[in-house]
Structure formats: structure tokens, C-alpha cells
Amino acid sequence: FAKLVNNVKLNENLRVREVVVLSNGKKRVYDENDGYVDVDRVVFACPANAVGNILKNHGTLEEIILSTPVYADDHHPSSGHM
């Protein structure tokens, strides 16, 4: 993990409320305290459907892709999901 975040400003224990892609290509990341930061890249470390809720103004294809994954631990073993 230390190598992954080397030379990266990392904010932990802060909920991202919304990400908007700006006209210049940067991403504006709003946090739970109504603060924001403009960045080049955003890495989402959460379930895909959460990304669909956070990433604003995405299209129909992105919505389908982000809402399709099913996570095994969201199902009871008797349902056949592994």
C-alpha cells in the first residue's frame, strides 16, 4: 500500500459525496463536509454501484456497466452464487 500511494495525497476516512468531470478534463471531488478538490484522476475503491451514485453525469452505457456486477457476499449461499 505504501508504494501505491507514494507521492500521492491520500485522504482517508473521508466520504466522497460526488465526482464531476469538468470541461478541462479534471475531476472535481466533493466530500461529505462540502469541501472539494480538483484532480487529474480518481481511483474508486468501492462497489461498482456506489461509483454509479457518486460519478455524476455519466451516460446510459456507464450506468449499465456500473450497475451490472453482482458481488458474491451480497447473496446467501443457498442462492447458488459463489
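Phe-1 is exposed in this predicted model, because its relative accessible area is 64% and the cut-off for exposed is over 50%. The residue sits in the segment before strand 1 (16-21). It belongs to a nonpolar surface patch together with Leu-4 and Leu-10.

**Surface patch**
- Phe-1, Leu-4 and Leu-10 make up the patch, and their accessible area together is about 360 Å².

**Largest pocket**
- The volume of the largest pocket is about 1,000 Å³.
- Sorted by class, the lining holds 17 nonpolar residues, two polar residues and four charged residues.
- At least two lining residues come from each of strand 2 (27-31) and strand 3 (36-39).
- Strand 3 gives the largest share of the lining, with three residues.

**Chain and fold elements**
- The chain contains three strands and two helices.
- Read from the N terminus, the order of the elements is β-β-β-α-α.
- The chain has 82 residues, of which 13% are buried.

Methods:
Residues numbered from 1 in each chain as written. Predicted model: local features only at pLDDT ≥ 70, side-chain atom pairs only at ≥ 80, totals over all residues. Heavy atoms only, no water. Patch = residues over 30% accessible without salt bridge, like charges linked within 9 Å, V, L, I, M, F, W, Y side chains within 5 Å. Areas by Shrake-Rupley, 256 points an atom, 1.4 Å probe, with all protein chains shown as cover. Salt bridge = Lys/Arg side-chain N within 4 Å of Asp/Glu carboxyl O. Helix = DSSP H or I, 4+ residues; strand = E, 2+ residues; numbered from the N terminus. Buried < 20%, exposed > 50% of the residue type's maximum accessible area, 1.4 Å probe, protein only. 1 Å grid on protein atoms, 1.4 Å probe; cavity = no way out; pocket = protein on both sides within 12 Å on 5 of 7 lines; lining within 4 Å. Points joined across faces, edges and corners; volume = space filled by probe spheres on them. Nonpolar A, V, L, I, M, F, W, Y, C, P; charged D, E, K, R; others polar.
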